[in-house]
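Okay, thanks for coming, everyone.

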Amino acid sequence: MEDQKLPCVLIDCIGEKHGVYEEHVEFLKEHFCLITMKEYIENKKILGKKIRAIYMWYHKPVINEELLQSLPNLKIVASSGVGIDHLDLNLLSRYGVKVSNTPFIVSTDTADLGMALMLASSRRLVEGYQMAVSPDTEYFPANWLGDEVSGATLGIIGMGTIGYKVAERAKAFEMKILYHNRKQRNKEEENAVGAIYCKKIDDLLQQSDFVMLAVNLTPQTHKLIGKRELQLMKPTATLINISRGLVVEQDDLVEALQNKVIKAAALDVTYPEPLPRDHPLLKMENVLITPHIGSATKKTRHLMMENMTESIQAALTSLPIPHEVLL
């Protein structure tokens, strides 16, 4: 199980629902002695002292104070993806544990998915596919229409790396681009994509045909979009969420869609994930939902794994940690 020459790294499991990908294991074992949670639980006294890093994939293993107390030599938690809302940074800091994530690696794929959701929702691709393959279809109705994307107004809430890449793609569709962010981008960056800054989120919501959420989940963005914000949107507008489910007050979204306050929603994220099978969002024709696949491409997931490996190695050799998450 253990190679004394390699540092011990705790993982949740290999394969299964949320485990490390089996195709990644060979690479990881070249650099680390991998210890699964099952192995650790069965031999806490010995392995607890040897574990120096946690490789967190799909937010697993769950880190709490009991676990941290049992890992006296833990140096770093390397977490996959951008979001860190699943981690208690203050708790980790009290134990002197560093944290890293993989923010820039996922941005291209997530921006691509944001555009895919906008196009699929506006042009009703899922409904169209179902019509085209249905055994009951005898003709295609001439009045079955979607909405234009080219030339429409896109409002991006959160103009970080992902949001900016969305803007780059939207420019190619000749969209008018509005954005709201904690900090305004510099004029050169704005001009490059033709983006207009909205200091007030209300202005963006009122003007946009499509509103795309690309923010991190923080206390400030928790349920950022609720009843008031939805009522500010056009009745012909679509809400697209590629950030986190909890950025939207989901009950208010259901009500807004049912009452035609907004036209549609395209969601890569919900809460919980997956939704209960009887949830009203799953029954609405004007809702498109994907299973949180923003970064889900083979290349990106491999790069995430490599980046996490580099961060762990840096932490264990007292070098600067790539993409360290700071309080």
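So, to start: which residue just after α8 takes a positive phi? That's E174, with phi at about 55 degrees. Keep in mind this is a predicted model.

Let's stay with α8 for a moment. The helix has 12 residues and spans 18 Å from its first C-alpha to its last, close to the 16 Å expected at 1.5 Å a residue. Its buried residues are I162, G163, Y164, V166, A167 and A170. And what do those buried residues pack against? They sit against α6, β6 (153–157), β7 (176–180), α9 (187–193) and β9 (210–213).

Of those partners, I want to pick out α6. The axes of α6, residues 107–122, and α8, residues 161–172, come within 8 Å and cross at roughly 50 degrees. The two helices are therefore oblique to each other, and their crossing is right-handed. On the α6 side, the contact is made by S107, T108, T110, A111, D112 and M115. On the α8 side you've got T161, I162, K165, V166, R169 and A170. By class, that contact comes out as five nonpolar, four polar and three charged residues.

Now, back to the backbone. In general, most residues other than glycine have a negative phi, and most peptide bonds are trans. So here are the exceptions I'd like you to look at.

Y58, in the loop between β3 and α4, has phi near 55 degrees. Y58 counts as partly exposed, because its relative accessibility is 36%. Then there's K223, with phi near 50 degrees, in the loop between β9 and α11 (227–232). K223 is at 33% relative accessibility, so that one is partly exposed too.

What about cis peptides? One joins K60 and P61, with omega about 0 degrees. P61 is in the loop between β3 (51–56) and α4 (65–69). The peptide bond from E273 to P274 is also cis, omega near -5 degrees, and P274 lies in the loop between β11 (264–267) and β12 (287–289).

Last stop: what does D12 touch, beyond its neighbours within four places in sequence? The answer is T36, M37, K60 and P61, and K60 and P61 are the pair joined by a cis bond. D12 itself is in the loop between β1 (8–11) and α1 (22–29). At 24% relative accessibility, D12 counts as partly exposed.

That's my tour; over to you.

Note on methods: Residues numbered from 1 in each chain as written. Predicted model: local features only at pLDDT ≥ 70, side-chain atom pairs only at ≥ 80, totals over all residues. Heavy atoms only, no water. Axes fitted to C-alpha atoms, helices over the stretch in contact; angles between N-to-C directions. Helix = DSSP H or I, 4+ residues; strand = E, 2+ residues; numbered from the N terminus. Parallel < 35°, antiparallel > 145°, perpendicular 65-115°, else oblique. Left-handed = near helix turned anticlockwise from the far one by under 90°. Contact = heavy atoms within 4.5 Å. Nonpolar A, V, L, I, M, F, W, Y, C, P; charged D, E, K, R; others polar. Expected span 1.5 Å × (residues − 1). Buried < 20%, exposed > 50% of the residue type's maximum accessible area, 1.4 Å probe, protein only.
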